[in-house]
Structure formats: structure tokens, C-alpha cells
Amino acid sequence: QVQPVESGGGLVQAGGSLRLSCAASGVTRNIFSILTMGWYRQAPGNQREFVAQIFSGASTNYADFVKGRFTISRDNAKNTVYLQMNSLKPEDTAVYYCKADYAGVGYWGQGTQVTVSS
């Protein structure tokens, strides 16, 4: 069973940057390398929404509202996926969740809070 653990959240001013990390335990590096990994976020009062995902071949997919600002990447040697967030806006404030898709099942982390002040 995959267990994603997020880190790197915090408080940042508008225009600033943060890098989130998601370390996936419970799987070997070979297994991790074939997982589709994604980032989602949920702001207070809103539904959880898709942010970005990265496939086993390192191709990526982004929500329109983060294109050009956020970059997802992975380090298979460390079982870790990253989300580099630049040009942050107050509306990016949310809890950010990492999701691992394995054998048809989605495994979620506990989330990390990102707060962007204006």
C-alpha cells in the first residue's frame, strides 16, 4: 500500500514561491517509477480540485489556472514528487494533497497547508 506524505507548505507573500514535496512509502523504487502521481488542492468551502499530474514517462498535465506558474517533477530514486509553485496568488491558498494512483486505487496524503498573503 502506498503512503504519500506531503511537506513544504507554509506562509508566503503574493508573488513568492514554495516547493512542495511528496514522499511515497510502502513501494519499491521500481513500483514508484510507474505510478501516476498528482497534486490536488482544497480551499475552505470548495471542493478538492486537480492541480497537476505526472506520469511514469515524466509527461505532465496541468490545470489551466497553474500553467506557467507551477511545475511538477519527480525523482524516482527518492520515491518523491515535487510541485514548484512560483508567482503565487492569494487564491492559491489551500490545503495541497498528493495522490498516488496504484493498481486502480488512489492513495491520498494528509495534505499540507499553503497560505498566500496579499
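Author: Start with a contact to a backbone. A polar contact is a pair of N or O atoms within 3.5 Å; within protein, one must be able to donate a hydrogen and the other to accept it, and residues adjacent in sequence count only if both atoms are side-chain atoms. Here, a polar atom of the Glu-6 side chain lies 2.7 Å from the backbone nitrogen of Cys-98. The Glu-6 side chain also reaches the backbone nitrogen of Gly-111, at 2.9 Å.

Reader: What should I know about the model and its numbering?

Author: It is a predicted model: local features need pLDDT of at least 70, side-chain atom pairs count only at pLDDT 80 or more, and totals for chains, interfaces and linings use all residues. Residues are numbered from 1 along each chain as its sequence is written, and side-chain values use heavy atoms, with hydrogens and water left out.

Reader: Is Glu-6 buried or exposed?

Author: Buried means under 20% relative accessible area, with a 1.4 Å probe and protein chains only. Glu-6 is buried. A salt bridge needs a side-chain nitrogen of Lys or Arg within 4 Å of a carboxyl oxygen of Asp or Glu. Glu-6 has none; Arg-48, the nearest side chain of opposite charge, is 7.3 Å away.

Reader: Which strand holds Glu-6?

Author: Strands are DSSP runs (E, at least two residues), numbered from the N terminus. Glu-6 lies in β1, residues 3–7. Two strands pair if DSSP finds at least two bridges between them. β1 pairs with β3 (residues 18–25) in the antiparallel sense, over five bridges. Pro-4 stands opposite Ala-24 in β3.

Reader: What is the order of the open sheet?

Author: Its four strands run β1-β3-β8-β7, with antiparallel pairing. β1 and β7 (70–75) each have a single partner strand, so one side of each has no neighbour in the sheet.

Methods. Buried < 20%, exposed > 50% of the residue type's maximum accessible area, 1.4 Å probe, protein only. Lys, Arg positive; Asp, Glu negative; His and termini not counted.
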